[in-house]
Amino acid sequence: MTEKKEFLRLDLHQRIQHILFLVSVTLLVLTGIGMRFSGSFLGKTLIFLEGGFKARGDIHRFSAILLIVTVFYHLLYILFSERGHKEFLQIVLKWKDIRDYWYSLFYDLGFRREKPKLDWYCYREKFQYWAFALFTILMGFSGAILWFHRFFFSILPKWAFDMALEVHGWTGTLVLIFLVLWHLYIVHLSPGKFPMSKSWITGRITLKELKEDHEKAFEDLLDEEPHR
Amino acid sequence: MFGFIILPLFLINIALFSNQHCLECHKKVVILPEAHGKIKCTGCHGGIERLPHPKKLPDAGCGQCHAEEQASYEKGAHGYSLRQGNKAAPRCQDCHGEHEILPVEYSSSPVNRRNIPETCGKCHKEPLFAEKHGIPIRNPYELYSKSQHFKALKQGNMDAAVCTDCHGVHGILNSSQPDAPIFRRNIPETCSRCHKDEFEAFTRSIHWKAFIKGNTDAALCTDCHGEHAILSPSDTGSSVFPTEIPSTCISCHGDVRLTSRYGLPARRLETYRASYHGIVLKEGELTAAHCASCHGSHLILPSSDTLASTNPQNLIETCGKCHPGASANFVRGRIHVEPKKSVSPGVFYVRIFYTIFIGSLLFFFILHIIFDVRKRFRKV
C-alpha cells in the first residue's frame, strides 16, 4: 500500500456535494453582499453584475434552494452510504482536535518540539465543516423567516423579523470571513498549497501531503496494511 | 359777465368732442366693440380741454368706472411700487392691453385664464428684472411652466390654478403681508379653494394644529409639494413621488435644529433607510412602504393620538394594508429599528454578539495565518 502514491480523499459524491456547496454559497454571498451594501459602490456594482435588484433576489433564492438540496444530498449520503457514514464519524469533533489546535499553534511558535499528529480530518477540516453546518442552519432559518414573511407575519412579532434580518446579515459576514481567512487560506493561499490543493477535483491526496498534514492517519494506514 | 357765457360754451365744446375728432390724428387706434365700444375716448382720457390737446395727458382713468379694482391695485405690491416711482411697475394697460381691451372671457384676452401665465411672465420670467427689483423668486414663470397646474391648463383644464389664483388679481401682496393669500398662515386656505378634501384632512393633522399653536416651522402644503413647480405625485420628479418622500419629510424631521427645538424623535431617516422598506424603495420598488404609507399624508397625527394610523391600536390595520396576515403579535416591536437596548434589544444583542465574535475570530485567523506562513517559510 505504501507504494501507492495517492489515496482516495473525496469520492465522487463528496466532490459533487462540494461543488454544489461552492456554487450555491458563492452566489449567496455575492448576492447577499449586494443587498447588505446596496448603497455603496461595491453593492451597486454587484447588483449591476447580477442583473439588477430583482434578479439579485431571484439568484439569491435560487441559490438558497440549491444549498438546501445539497444539504439533503449530504444528509442522505451520511445516513445511507457506508463511506458517508464512516467519513461522518471521522469528522465528529473530539477534545483531541482542540488540543491539536493549541499544540499546532505552540509548535508553530516554537514552544513545543513535536508536531501534533493530526487525524484524517483534523481541526482545520472539522472547524470548517461544523462552522458551515452551523451557518447553514442559522442562514436557513433566518432566511426562511424573511423569505416566507407573509406566512410568518401571522405568527412572529416584528422584533423577530428584525432579529432574523440582523442574524442573516451578520452570519453572512461571518461566512465570508470564514471562507476567505480560513478555508481559502488553507486550501489555496497557504505556502505549499498555492495555487490550490487539487483534492477537490481529483479527490486524491498524495502520500507526501498525508504525511505532512495528517500524520496520525498516515501512521494508521501503515499499521492497517499487514491486516489487509 | 363774460365768464358766465364762456364757461358753458367751453363745456359744450368738450361734450361735442366725438371719437371722430380723435381718429383724425390717432388713425391706428381701434376700440373693440366687445368691452369699451360705447365709451368715448374722452371717457378714459381726461385733461383734454381743446383741440389740439397737449402732448402729455394724465393716465387713463380706469378707476372712474373700475373703482374697486383701482383701490385693490393701489393696496397691492404693483401699486405700491408705482407710487414709489418705479417706472417698471405694471399699470392697468400692461396686463389688460390698451385700446384693444377684450372682456376677460375672451380667449385672446391677455387676462383670460389661459393667458395669465404668459402675461405675468412678460416681466416675471426675467432673472435680471427680479434682481433689479429685489424680487426673491427669480424666474417663477419658468418654474411654473414645469408644474402640473400649467400642464393641466395647457391641456385645456381652465380650472387649473394660474398665477392670480394664489397671488390675487389686482391687489397682489407679497408673502410677508398678513393679508396675502401666500402669507404662510394663509397658504392652506389658498390651496383649499380647489383642494377641499386635502384641506379638510390637513386641518385635523398635527402639522396644522402645531402651526396654529405657534410652530411656524410646521409643514404646510408648499413645504412638501413645492410652490411654482408643483408636480403631480405620480410624476417621478415630484417631491411627493414615493422614492422622494423620505427626503422630503427628512428636510424637517432630520434637521437637528428643528428636532431638538420641538423634541421630535431623531434618526427617522437613518432607521428607515436601513430597513427592508427603505432599501427596496431606494432600489425602485414603488410599492415599498415609505413615510406616508404608514403615517398618512395630509392627516398625519402623532402616534400617541388614538386616531393616528401609527397608534399601537391601529397598527394591525395600517400594516395590514400591505401585509394582510399581520396579527396582534406581529405589531409588537419597533418599526424604526435602532440597535439600542431600549429600542430594539434583540437586534442590539445580536449585533453585540457578532461584533465580539467576529472580532475575536478575525484575531485568531490572522494569528493563525501569520504563524503558519512564518513556520513554512522557515522550513523552506
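1. Helices here are DSSP runs of H or I with at least four residues and strands are DSSP runs of E with at least two, numbered from the N terminus. On that basis, chain A reads β-α-α-α-α-α-α-α-α-α-β-α-α from the N terminus on, with eleven helices and two strands.

2. A word on conventions before the details. This is a predicted model, in which local features need pLDDT of at least 70 and side-chain atom pairs count only at pLDDT 80 or more, while totals for chains, interfaces and linings use all residues. Residues are numbered from 1 along each chain as its sequence is written, chains are lettered from A and ligands numbered from 1 in the order in which they are written, and side-chain values use heavy atoms, with hydrogens and water left out.

3. Now for chain A overall. Its C-alpha atoms fill a box of roughly 65 × 40 × 30 Å along the principal axes. Of its 228 residues, 41% are buried (buried is under 20% relative accessible area, exposed over 50%, partly exposed in between, with a 1.4 Å probe and protein chains only). Chain A exposes about 13100 Å², and carbon and sulfur atoms supply 72% of that area (Shrake-Rupley method, 1.4 Å probe; for residues, only the protein chains shown count as cover). Among contacts (heavy atoms within 4.5 Å) with a separation of 6 or more in chain A, 69% join residues 24 or more positions apart.

4. After helix 2 comes Gly51(A), with a positive phi near 90 degrees.

5. Trp95(A), Ile98(A), Trp102(A), Phe106(A), Phe111(A), Phe363(B) and Phe364(B) form a nonpolar patch with about 810 Å² of accessible area together. Patch residues have over 30% relative accessible area and no salt bridge; nonpolar side chains (Val, Leu, Ile, Met, Phe, Trp, Tyr) are joined within 5 Å, like charges within 9 Å. Helix 5 (95-109) of chain A and helix 23 (345-379) of chain B each supply at least two residues, and the largest share, four residues, comes from helix 5 of chain A.

6. Glu82(A) pairs with Lys86(A), their closest N and O atoms 3.3 Å apart, and both residues are exposed. Arg83(A) meets Glu87(A) at 3.8 Å, N to O. Arg83(A) is partly exposed at 25% relative accessible area, whereas Glu87(A) counts as buried at 7%.

7. Arg261(B) forms a salt bridge with Asp217(B), the closest N and O atoms being 3.0 Å apart. This pair links distant parts of the chain, 44 residues apart: Arg261(B) in helix 18 (residues 256-262), Asp217(B) in the loop between helix 15 (206-212) and helix 16 (221-225). Arg261(B) is exposed at 54%, and Asp217(B) partly exposed at 23%. Elsewhere, shared partners join Arg267(B), Arg268(B), Glu338(B) and Lys340(B) into one salt-bridge network. Over all chains, the structure holds 22 salt bridges.

Note on methods: A salt bridge is a side-chain nitrogen of Lys or Arg within 4 Å of a carboxyl oxygen of Asp or Glu.
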